[in-house]
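Have the sequence and the 3D view open side by side.

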Amino acid sequence: MTQWSSTVHILAPIEQVWTLFDGTLAHTQKIMPQVEANEPVTITDEKVGSVYRQTYREGRRTETYEVETIAYCDLPGQKQLRVSFTLANMFDITADYTLIRHTASSTIFRYTVTNRPTNPILRWMLLFASDKTVKAFTQRVKLVAESKGGD
């Protein structure tokens, strides 16, 4: 198992940043432009257990997988969305998006990804992985959120 984490200070209110993680395709594509579809499969009132079928394009390759919400918190000063999915039947991935109100007009955003190979033979692939993608994602969220959510 490999884990990467990145934290960034965003000059935008927590609620403005939080809308980027509401599951709508329009908001998802602002921070994850490679996502081509994000369709609800099962939606629960408490959010935990909700499942979305997501289609992601990387170059010429398209991958469709189900993303399940495994933790959800929507308090005034703290927000959290943790999801899990299996990518290409090779890696079980958990992504954790945590927002903490810093001031009325700023937010601390922490993104943590855990990547676990489904087969021990695939473990060697993680030796070449880095946190570059995680850091780039936190910077993208910061850029979009500070531009009023990309609207």
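This is a predicted model: local features need pLDDT of at least 70, side-chain atom pairs count only at pLDDT 80 or more; totals for chains, interfaces and linings use all residues.

Beyond its neighbours within four places in the chain, F137 is in contact with F21, I31, M32, Y97, F109 and Y111.

F137 is one of the buried residues of α3, along with V134, T138, V141, K142, V144 and A145. An α-helix has 3.6 residues a turn, so residues three or four places apart point the same way. The buried residues of α3 pack against β1 (2–10), α1 (14–18), α2, β6 and β7.

The length of α3 can also be checked. Its 15 residues should span 21 Å at 1.5 Å a residue, and the C-alpha atoms at its ends are 21 Å apart, so the two values agree. Just after α3, K148 has a positive phi of about 65°.

F137 also belongs to the largest nonpolar core, which has 30 residues. F21, Y97, F109, F137 and V141 are the members that touch the most others. Two or more residues of this core come from each of β1, α1, β4, β5, β6, β7 and α3.

At least two lining residues come from each of α2 (25–31), β3 (51–58), β4 (61–74), β5 (78–87), β6 (91–103), β7 (106–117) and α3 (132–146). The largest share, six residues, is supplied by β4.

Terms used. Residues are numbered from 1 along each chain as its sequence is written. Side-chain values use heavy atoms; hydrogens and water are left out. Helices (H or I, at least four residues) and strands (E, at least two) are DSSP runs, numbered from the N terminus. The expected span of a helix is 1.5 Å times one less than its number of residues. Buried means under 20% relative accessible area, exposed over 50%, partly exposed in between (1.4 Å probe, protein chains only). Contact means heavy atoms within 4.5 Å. A nonpolar core is a set of buried Ala, Val, Leu, Ile, Met, Phe, Trp, Tyr and Cys residues joined through side-chain atoms within 4.5 Å.
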